[in-house]
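Let's take a walk through this fold, one piece at a time. Have the model open beside you as you read.

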Amino acid sequence: MPSSFSFNDEQRQVIQHLAGSLLVLAPVGTGKTSVLSARVVHALSKGADPNRVLCLTFTNRAAKEMADRLTQAQVGRQVTIKTFHGLCVRMLRMGAESLGIPSDFVIYDAEDSADILKGFMRRQENDSLTESQRQQEEKRIEDRAKAVKSAMSEAKAQASPDQLTLDLSLEDLFAQLDDRDQPWAKRYQAELQRRQALDFDDLIFFTRSLLRLVPEVADYWANRYDFIQVDEVQDTHMGEYEVVRHLAQKCRNLAMIGDLDQTIYAWRGSEPEAVLEQFRAEFSPTEYSLTENYRATRSLLEAADAFADTFAARQTQIKIPATSAPGEPIRSYLAVDENEESAWIAQRIQALAQNQPNFAYNRVAVLARTNLRATTIASGLERRGLPCLTADSYQFFMRQEVKDALAYLRLLVHPFDTGALKRLLNRHALPIEVGTLRYIYGQGRSCGLWLTDMALLQPWVNGDPLGAVIDAYRHGTLVVFDVETTGVAIEDEVVEIAAQKLVKGQIIDRFHTYISDAGDVGDSQHIHGYSNEFLRQKGQPRRQVLAQFFQFVGNALLVGHNVGFDIGMVTAQAQRLGMPVPDWVWADTLNLARRFLKAENYRLEHLAQVLNLPTTPNHHAMDDVSTTVELLHHLIPKLEATAAARIDLYCRHRDLFAPLADALAGWKALIDKRRPADLLNHILNTSGLLQHYQDEPQRLQSLGQLVDIFAAQDDPTLPPHLALRTLLEFTALATTLDYLSARDDQVLVITAHQSKGLEFDHVFIAGLVEDEFPDFRCRRWEDLEQEKHLFYVALTRAKQSLHLSGFQENRYGQQDPSQFLDALVKDAPQFP
């Protein structure tokens, strides 16, 4: 890799191009990450505002690598470096009010989503099934859930601009689904709403919807950045490009970088040709190519170059530097059968490690076309005493024990996360039957009781989980409040606080103050309309404002629409100033509306319209407070009408949940006092989870590693509870192989798809027989081209040595060597 002082001419052209759009085609090993990092450094050195620089990457690993490079250059801590999904999360948290969702929504991964669908489908199972029949039924349910989720994902990803909506139920979008899939899809989306969650497909779909349907949000983001880089353009689908195009429409300074010869995700919607066609038409970019490869040896580069020549339409070129080491020749082996192939791979790895006591096994990878082949090879390596790891067995944040530990934290931060609660109930071994849970869930829908209410230890008024807000409204004091801020990130500042105090349901007092020393309002002026000058003239110092607001509230119950966000921002502001924060009790009209109102959207503006409320919110805090008060007036009678049924249902079952509720309350009390890693360690030791896994040392090791990850990723500048929220988002967005740690010193046995973006010293590509690699389902010309590109990705993972293997026979009979070998291996192995 060239040093920062020795970039070649091709690289320098890209680095020095700072104004106007550009397209860079860069094959693997050409120093792309170094060039992109250097380009940002160069832009900052020329006066670019780091707050207005955006770098999008394909993986968290790539984002971290770029962040580390910028840190080493001592620049760019304020540069936004995110994965595409990470950016969408940020945009949705800022636009949550427009969608009618809480800004601290939960992110559901693939397993969480599958659990919802399988949970629905299991309710139809027959309890009289035998164990064999039950296993068959579970497999059927798993396949059915996967099919339904795939159909939903496709509908969201391929939604046209006219199909975008702020209706969280997505009923119109799902109308196009098969009649068998529609009911499941609608129930699934409704359950996500109940849990205040979005899945990965929602992150992109609703970001697109916000930008198209909410003018003030669209305007804010169109003016947000001046300098945008998008890496791995070949993995981008049109919906994602839509978002990027919007971000760059004003600055016109968009760089798209990638390697079209590594296009391997057409099956999940990537459309690089269509994306680049639009990019060229809309931005007229200057085009560059990087060709000199610094990663691999000459022999490996020659092989990659030769194979790329077999593409129907090659997009990039590989130029081999004169300084490249010759390297070892590619080794190939055609085994008699699958077992012998595994044995040969094991022998070769052992030969590499021979006489090297510190040999790094995690610098060796075995790549396969299918998960089945990867599992077969891994089993063979393990039988021969070689440490190995498959992606499915790794999937760190998907591991059972890790998901268990995270469920405790998720429920502390997101008290309405039903999925997390169900997981804890399984681990706590509470005497609660599945039928009881289903009964509470079903009966609670008509009276506004949610299953998660059972696990919340609070001083219920009159035995009613919603009794506090009824009692404060009818007989006591409550304060409805709202804030305007410079953004939704926890480091942002409150610029306006407004509140109305109600005693016995009647407004008796108001509080309204601007803050004069909140810092630069920046782009948030487009939302609330307050300039820095206006706030300086009309506002008061923030310490004084917060002290006055705390006094105004006193011991009253706090109420707001998405009030968790408002309380979080006020709390963070106070903590930065070293001010003590009251221990507030609060109620959220957004949550109450979800329990008692059927609406396509729960944003305050929409509810005001459909309920014909006398006031309308307009991003001024006092107007939003007035509307929230009117909404509360509308909701209270509904809470009261269902109170008897709710109290009866709660009281009949609360003792079953009491041990868990007690434990959660104790941990909740520590959330503001202990750093996330310390809190996690405490929960592991007091929840019984470590005891549950005491006979499984590998699971205990994973839990220890999770504590270490929390400690390493913790941001000490954030208060403990806010740092915890950030870490939970980090775990939700992490991909399978993003965070392999140094202690995972094992041979990685993964599929070629999973290897994308990784590099290894020594690579083995196994199972190179016809109908496996290339896959038997890819016999059409365009599908075979995809297989070629996938094989190209696999062989370009190697830096020092490449080993190719296949077998002559398996349980299906005689096998032919893969056609891909012809372009790589002279005298390619043939059957006798």
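Predicted model: local features only at pLDDT ≥ 70, side-chain atom pairs only at ≥ 80, totals over all residues.

**Starting from a pair of strands**

In S7, Val 24 has Ile 257 as its bridge partner. Residues are numbered from 1 along each chain as its sequence is written, and side-chain values use heavy atoms, with hydrogens and water left out.

A few words on terms. Helices (H or I, at least four residues) and strands (E, at least two) are DSSP runs numbered from the N terminus, and two strands pair if DSSP finds at least two bridges between them.

Back to S7. Strand S6 (residues 227-230) also runs parallel to S7, joined to it by 3 bridges, and here Gln 229 stands opposite Ala 255. Is strand S7 (residues 254-258) mostly covered or mostly open? It's mostly covered, with 5 of its 5 residues buried (buried means under 20% relative accessible area, exposed over 50%, partly exposed in between, with a 1.4 Å probe and protein chains only). Leu 254, Met 256 and Gly 258 are buried on one side, and Ala 255 and Ile 257 on the other.

Next, zoom out to the domains, whose bounds come from an automatic or database domain assignment. The chain is split into domain 1 (9-92 + 209-289), domain 2 (109-195), domain 3 (298-387 + 745-821), domain 4 (396-415 + 670-737) and domain 5 (434-656). Take domains 1 and 3: their C-alpha centres lie 31 Å apart, and 17 residues of domain 1 are in contact with 16 residues of domain 3 (contact means heavy atoms within 4.5 Å). Between them they bury about 1500 Å², 57% of it on carbon and sulfur atoms; buried area is the accessible area (1.4 Å probe) that two parts lose on being put together, summed over both.

Now look at a parallel sheet. It's an open one, with 6 strands in the order S9-S19-S18-S10-S17-S11. Strand S9 (331-335) and strand S11 (388-390) sit at the edges with a single partner strand each, so one side of each has no neighbour in the sheet. From one strand to the next, the twist averages 20° (axes are lines fitted to C-alpha atoms, for helices over the stretch in contact, and angles run from 0 to 180 degrees between N-to-C directions). Helix H16 (residues 371-383) packs on this sheet, touching strand S10 (364-368), S11, strand S17 (747-751) and S19, and its direction makes about 160° with that of S17. Within the sheet, strand S18 (residues 760-765) and strand S19 (residues 798-807) pair in the parallel sense over 5 bridges, with His 762 partnered by Ser 801 in S19.

There's also a mixed sheet to find. Its 5 strands form an open sheet in the order S14-S13-S12-S15-S16, and the edge strands, S14 (506-514) and S16 (586-588), each pair on one side only. Strand S12 (residues 477-485) and strand S15 (residues 557-560) pair in the parallel sense over 3 bridges, and Leu 478 stands opposite Leu 557 in S15. Helix H24 (residues 542-553) packs on the sheet, touching S12, strand S13 (494-503), S14 and S15.
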